[in-house]
Amino acid sequence: MNTFTLKNNTLHAENVALNNIASEFGTPCYVYSKSALTQAFGRFSAGFKGSNHLVCFAVKSNPSLAILNLFAKLGAGFDIVSGGELARVLAAGGDPKKIVFSGVGKTEAEMQAALNAGIFCFNVESVSELLRLNDVANVMGKVAPVSLRVNPNVDAKTHPYISTGLKNNKFGVAYEDALDIYLQAAAMPNIAVHGVDCHIGSQITELSPFLDAFDRVLALVDALEQNGIHIQHIDAGGGIGICYNDETPPAFDAYATAMLAKLGESNIKLVFEPGRALVGNAGILLTKVEYLKQTESKNFAIVDAAMNDLMRPALYDAYHAIQAVQPRNADAVNYEIVGPVCESGDFLGHDRMLALQEGDLLAIMSAGAYGMSMASNYNTRPRAAEVMVDGDQTHLIREREKIADLFALEKILPAV
Ligand code: LLP
């Protein structure tokens, strides 16, 4: 199904015209398609049907309660990286026994909360973290289920900011040290070694880095077995890319077939942590053209969404397609699509051929992942509303922030 399609010359989310959403909820506004989310989860899981597996949605890509709740109902687990994400998953009805906890900087309080919740596994990223987790679990009279995140030194061939599996990244333990650290872990009384974890990066558009990393992990699993450490699951991380422009990321079924072929007869459980691949193309950012401004060298379309709403273009020079909600039958002009924030880095798209007038609505496409989740209040801008479309129904899943709330926690100094 095409989620965002033109019908009667108007862009729709499922059966709802985006201009109606703008009139009802205002702009900027994130709009998600329930059907696209459901289908993406279904397609990802279908490849692993019949095999022992768990799909843990990477919460950081889109932590909306409504989205977490939808995935929880579909049977998903969750990959979290903070106590905040743990609380969100629990508030959204997620099953703690399907939570994996990743991240290089887990605090004691976060470890305690996760142990209390009874999560599926901690993905531990250093010896210091392992020692701390053993201590925290000991004080609580618990045993912590653990995978070590190993760094396979594989080039994910993606943007350097989101590549995580290379030697010089801060993530995981060095592949060469893994066996030794596993032996240390196995000897710790309040640690139970359950798995091996590996995540090499994000927006990966080729299959080979995943397979190379998986080969290395499988070799480690064998070496561990020979050393008396039995591994129950492999967490293969997330990272499958999506098409923003002309990328051709691996299809879910090709990924699944290749991974399962490598696993062979083994019944070891496979855990995955996809984020972007499940939500990226299920959401758009709806924005209104406030002003058209012509300078000597450029045409600017100044819209009411900005880098605080969608940071990806400013931060990674990322490309997001931009479509008019009601395309005009007029000559297109080359526009810089920019926001109102006081920085030249505040752009949503360069060189976009569009026919625009002030007041027109635009859809910034592929904004479902790392859009709202990375939004900020820079320039004291309230974060956008979020809406979920389900067929011809529209649900407000997050109200637009109110300006007064943005400084409600602040105080001015008392008079002297
Ligand atoms: N697991 C771990 C341990 C991760 O660090 C990440 C993403 C994922 C899973 C999910 O990766 P995905 O399937 O979504 O590629 N803000 C950046 C992306 C940062 C990704 C960080 N880690 C962006 O907007 O492109």
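Predicted model: local features only at pLDDT ≥ 70, side-chain atom pairs only at ≥ 80, totals over all residues.

User: Which residue in β2 is the bridge partner of L6?
Analyst: L11 is the bridge partner of L6.

User: Fine. In what sense do β1 and β2 pair, and over how many bridges?
Analyst: Antiparallel, over 4 bridges. Strand β2 covers residues 10–13.

User: And the sheet, what's the strand order?
Analyst: β1-β2-β3, with antiparallel pairing. It is an open sheet of 3 strands.

User: Why is one side of β1 and of β3 left without a neighbour in the sheet?
Analyst: β1 (4–7) and β3 (16–17) stand at the edges and have a single partner strand each, so one side of each has no neighbour in the sheet.

User: Switching to the ligand. How many residues surround it, and which are closest?
Analyst: There are 19 residues around the ligand. The closest are S202, E273, R312, Y316 and Y370.

User: What's the make-up of that shell: how many nonpolar, polar and charged?
Analyst: The shell residues split into 6 nonpolar, 7 polar and 6 charged.

User: How far is the polar side-chain atom of S202 from a ligand oxygen?
Analyst: 2.4 Å. For R312, a side-chain N or O atom is 2.6 Å from an oxygen atom of the ligand. R276 uses its backbone instead: an N or O atom there lies 2.8 Å from a ligand oxygen.

User: How much of the ligand's area does the protein bury?
Analyst: 91% of the 590 Å² that the ligand exposes when taken alone.

User: Last one. Which pocket is the ligand's space?
Analyst: The largest pocket.

Conventions. Residues numbered from 1 in each chain as written. Heavy atoms only, no water. Pairing = 2+ DSSP bridges. Helix = DSSP H or I, 4+ residues; strand = E, 2+ residues; numbered from the N terminus. Near = heavy atom within 4 Å. Polar contact = N/O pair within 3.5 Å; in protein donor to acceptor, adjacent residues only side chain to side chain. Areas by Shrake-Rupley, 256 points an atom, 1.4 Å probe, with all protein chains shown as cover. 1 Å grid on protein atoms, 1.4 Å probe; cavity = no way out; pocket = protein on both sides within 12 Å on 5 of 7 lines; lining within 4 Å. Sits in = over half its atoms within 2 Å of the grid points. Nonpolar A, V, L, I, M, F, W, Y, C, P; charged D, E, K, R; others polar.
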